Amino acid sequence: MDFYRLVKEKMGGDLGRHVLRSPLSYNILKALLVKSRHQYSLQAVWMMNRYALEQTRRAYLRRDPVIWNSVFFPTEILHALKAVPFAPEVGAAVAAGLGLATKFLGRAEQYWSTRDTCSFHRCAMGSVLEEYLPAPDALVYSSHLCDGAPKLFEHVAAFYKKPVFFLDVPGTGGDAAVDYVAGQLEEIAGRLSHRLGRPLTRDNLARALENSNQAREYMLKINELRRATFVNVPGSQALNFVYLLFTAQGAPETVQIYRQFYRDLEGLAGRGDRAVPERRRLLWLHLKPYYRNGLMEYLENRLGAALACEEMNHVYWEPLDPERPYESLARKALSHFALGPVERRIETLLQLVRLYRIDGVVHFTHWGCRQSNGGLRPIKEALRSAGVPFLSLDGDCVDGRNYGEGQLLARLEGFIEMIDAK
Amino acid sequence: MVEAQETNAKEGYFASDNFTVGWTCSYIPEEIIAAAGLKPYRLVADGTKVTRADACLPGNFCAQVTGCLDAGLAGRYPYLSGVVIGFSCNAAVHLYNAWRRCITHGFVYGLELPRRDTPEARKFFSKNLGHLLLALEQHYGRRVSQEDLWRAIAETAETRRLLRHLYHLRREARPLVSGSEAMALVRMAATIPKNELNPDLVRIIDNLTAKKETAGGSRPRILVTGGILPPALVELIEECGGLVVCEDACNGLRYFTGMENTGDTWESGDPLLKLATAYLGKPPCPRMSRAAETRSAELIKLAREYRADGVVYYSLKFCDVNLYEFPLLKKTWVKPVSRF
Ligand code: SF4
Ligand code: SF4
């Protein structure tokens with residue numbers, strides 16, 4: 001079931017500002033989604049789409065405070081405040097899916113004029129300038145893993161003239177770093193609560209952390225199932241679950257969705273069904289193109305290479321301690337494997353290669369992402385030493401203007417041949 | 001004189017020993033390296049065509065990172081016995097990764113640099129500085145006393161005081177020093193041990209004031225701002241008939257400005273905390289959180305103080321923090337100072 005096609009068809013093809021900004025549109029879409037439930041092979045995907053529509057509707061409705069978050073900011077705090085988190089980078093991916101990215105990218109380039117930066121940010125900035133997005137009441141952003149996000153948020157805060165709260169997350173620093181980050185989180189939570197007039201009780205925070213822990217448990221179970229012989233989920237769909245990681249950690253719905261995802265996979269595994277014919281098992285690094293493209297389809301269905309694992313879906317953090325909320329959220333942020341010296345990421349990837357019995361690793365090399373792409377060379381070398389073929393696939397997740405599918409497919413074909421020849 | 005010293009630095013002024021330690025970012029307190037009896041040497045990409053670094057890092061990384069790595073790979077830093085690489089941004093973290101893997105100089109240290117200035121950030125930073133000091137002591141077999149730290153702090157403060165004095169001379173209607181000369185002097189200050197440099201700096205400034213030869217009084221006065229500046233840009237502006245009166249860059253004004261008040265209270269308390277406070281509190285580089293808010297006001301002030309006729313914003317290609325900052329700054333300074 002193609003969610004984006006449903007949106008475009010039902011909204012009449014003209015995805016103008018007024019249509020996308022109207023909460024009514026989301027009510028209609030939700031009703032249509034209910035009817036199409038049976039068309040979804042994975043009910044969890046259906047539930048996630050419904051949740052995303054509801055969150056978007058709430059964001060435009062503005063009954064609850066809308067808080068924009070950068071994708072690595074711990075959203076548990078926002079859900080404890082019963083706010084509506086909105087990640088502009090996710091908005092950029094959706095815009096690409098709806099075919100709106102080119103318009104927004106063009107607008108942003110008139111404003112800050114350079115294509116040398118990440119298109120998630122350029123597209124998000126363009127959609128802000130075009131006033132497509134739900135206006136924030138406040139913004140929270142963190143420094144880790146992305147240099148562009150803090151700057152984007154400063155632009156957006158200036159545009160909407162809204163308060164902005166910054167979380168500085170170092171890449172190293174041991175216990176001192178935990179104290180430093182925990183202190184900031186506590187301060188941000190207190191100031192947000194005060195600013196929005198929303199009490200942040202210990203109970204609410206504890207509940208959000210428990211939700212986060214439960215979702216984590218299901219993620220672990222899902223990953224365990226995916227490590228088994230059968231790969232039951234197309235990687236493209238599995239990659240869409242980053243929506244929950246980027247905006248919905250701490251929400252009760254996230255637990256329900258992951259629980260359903262686990263049940264879906266259990267059901268498929270029980271019947272011995274394979275959603276993807278599996279001849280080679282790939283580990284996918286970074287994200288994927290969000291505009292219309294046939295990359296994953298081709299890889300999985302034509303080349304018989306299943307995405308057995310995505311680094312984005314790796315559970316790298318320990319369970320949170322609701323008794324020590326800020327400290328454990330700080331530990332979670334600091335434990336990201338891509339933070340700090342590259343050895344952490346390499347170690348994690350080698351571990352994933354072993355656990356998921358990976359035949360080859362593909363890095364989608366999104367133009368403009370310094371943090372991910374900077375590690376390519378050492379990652380490639382470490383994988384080569386471990387005898388694992390590696391492919392860096394150059395492209396762009398949001399900006400489809402220079403997308404050359406033929407070339408990418410040819411490179412993928414060559415890569416699969418290389419794996420087979422091993 | 002400026003040229004002679006610069007040439008000395010380039011041609012192996014430090015080659016006679018192995019105690020020179022490179023550092024990469026203006027948020028790295030070089031005082032700590034000096035306190036350990038070592039010679040801090042700022043690494044700035046020299047504009048040479050990058051031929052080797054592309055094999056280690058993607059092509060779309062900034063020229064400061066690829067340039068320094070390339071120079072290291074090509075053996076253009078024969079005098080370095082180690083480097084301290086500040087985690088200024090993600091590209092710099094990858095410079096640290098690449099340096100350790102591709103270049104075999106002994107001491108390689110990655111220093112965490114907070115992106116905000118708060119009491120907690122200063123405390124965290126001072127702890128990191130303690131770790132750096134310990135690592136230097138262990139690697140070079142030194143024992144650094146509090147006196148060593150205070151001495152290095154005092155010598156560096158004196159260099160900064162002299163540079164501030166020099167830059168003040170550039171505010172005059174007929175500046176005594178050109179942009180190219182000023183950049184060369186800042187470069188010297190960041191590469192030559194302060195105890196050797198300070199007497200020379202005093203002499204240079206005395207000579208300039210005595211001679212009263214103007215660097216070009218009636219040329220359009222230009223303020224250059226942005227990230228790390230290539231001297232070639234300043235030279236180009238001056239060759240085209242302009243006169244650069246101030247370089248608001250981490251290898252210009254931001255190398256030494258903003259730390260003056262802390263100088264008075266150096267001799268008491270925890271020297272590392274004092275350093276952390278001074279460095280995080282200096283006029284921010286674009287890498288710092290919400291730098292643009294401070295920087296736009298600061299730029300207007302600088303433009304007035306230095307009587308600038310125009311501003312040139314310079315960003316290295318692929319430097320996210322600079323590229324994203326530009327529209328924010330432009331918006332604020334276009335209005336209040338209408339002739340820009
Ligand atoms: S792709 Fe990279 S640069 Fe772009 S938003 Fe993500 S982390 Fe930031
Ligand atoms: S802050 Fe900019 S110029 Fe400095 S190392 Fe990072 S990308 Fe390069």
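For sorting residues by class, Ala, Val, Leu, Ile, Met, Phe, Trp, Tyr, Cys and Pro count as nonpolar, Asp, Glu, Lys and Arg as charged, and the others, Gly among them, as polar. By that scheme, the shell around ligand 2 has six nonpolar residues, no polar ones and no charged ones. This is a predicted model, where local features need pLDDT of at least 70 and side-chain atom pairs count only at pLDDT 80 or more, while totals for chains, interfaces and linings use all residues. Residues are numbered from 1 along each chain as its sequence is written, chains are lettered from A and ligands numbered from 1 in the order in which they are written, and side-chain values use heavy atoms, with hydrogens and water left out.

Let's stay with the ligands for a moment. The residues around ligand 2 are B:Cys62, B:Val65, B:Cys89, B:Leu316, B:Cys319 and B:Val321, where being near a molecule means having a heavy atom within 4 Å of it. Ligand 2 sits in the largest cavity. A cavity here is a set of points, on a 1 Å grid over the protein atoms alone, where a 1.4 Å probe fits but cannot get out, and a molecule sits in one if more than half of its atoms lie within 2 Å of its grid points. Ligand 1 has A:Cys118, A:Phe120, A:His121, A:Leu145, A:Cys146, A:His286, A:His366, A:Gly368, A:Cys369 and A:Gln371 around it. By class, that shell splits into five nonpolar and five polar residues, with no charged ones.

With cysteines in view, what about disulfides? A disulfide is a covalent bond between the sulfur atoms of two cysteines. Using a cut-off of 2.5 Å between the cysteine sulfur atoms, the structure holds zero of them over all chains. Take B:Cys240: the closest cysteine sulfur, in B:Cys246, is 19 Å from its own, so the two are too far apart for a bond. B:Cys240 is also exposed, at 65% relative accessible area; the scale is buried under 20%, exposed over 50% and partly exposed in between, with a 1.4 Å probe and protein chains only.

Salt bridges are another story, with 42 of them over all chains. The criterion is a side-chain nitrogen of Lys or Arg within 4 Å of a carboxyl oxygen of Asp or Glu. One of them pairs A:Glu187 with A:Arg191, whose closest N and O atoms are 3.1 Å apart. Both residues lie in helix α10 (residues 174-196) of chain A, four residues apart, or about one turn of the helix. Helices (H or I, at least four residues) and strands (E, at least two) are DSSP runs, numbered from the N terminus. A:Glu187 is partly exposed at 36% relative accessibility, and A:Arg191 is partly exposed too, at 45%.

In chain B, B:Arg160 and B:Glu31 meet in a salt bridge at 3.0 Å, N to O. B:Arg160 belongs to helix α6 (residues 146-169) and B:Glu31 to helix α2 (residues 30-35), so the pair ties together parts that are 129 residues apart in sequence. Are these two residues buried or exposed? B:Arg160 is buried at 4% relative accessible area, and B:Glu31 is buried at 0%.

Next comes B:Glu247, which forms a salt bridge with B:Arg170 at 2.6 Å between the closest N and O atoms. B:Glu247 sits in strand β6 (residues 243-248) of chain B and B:Arg170 in the loop between α6 and α7 (179-189), so this pair links parts 77 residues apart in sequence. B:Glu247 and B:Arg170 are both buried. Back in chain A, salt bridges also join up into a network of A:Glu109, A:Arg115, A:Arg122, A:Asp399 and A:Arg401.

Now for some backbone details. A:Arg62 has a positive phi of about 65 degrees although it is not a glycine. A:Arg62 is in the loop between α4 (43-61) and β1 (66-69) of chain A, and is partly exposed at 36% relative accessibility. In chain B, B:Arg307 also has a positive phi, near 50 degrees, in a residue other than glycine. B:Arg307 is in the loop between α12 (291-305) and β7 (310-314), and counts as partly exposed at 43%.

B:Val186, in helix α7 of chain B, is buried at 1%, and its C-alpha lies 9.6 Å from that of B:Thr159, 27 residues apart along the chain. A:Leu244, in helix α13 (residues 242-247) of chain A, is buried at 0%. A:Leu244 and A:Asp394 are 150 residues apart in sequence and 26 Å apart in space, C-alpha to C-alpha.

Notes. 1 Å grid on protein atoms, 1.4 Å probe; cavity = no way out; pocket = protein on both sides within 12 Å on 5 of 7 lines; lining within 4 Å.
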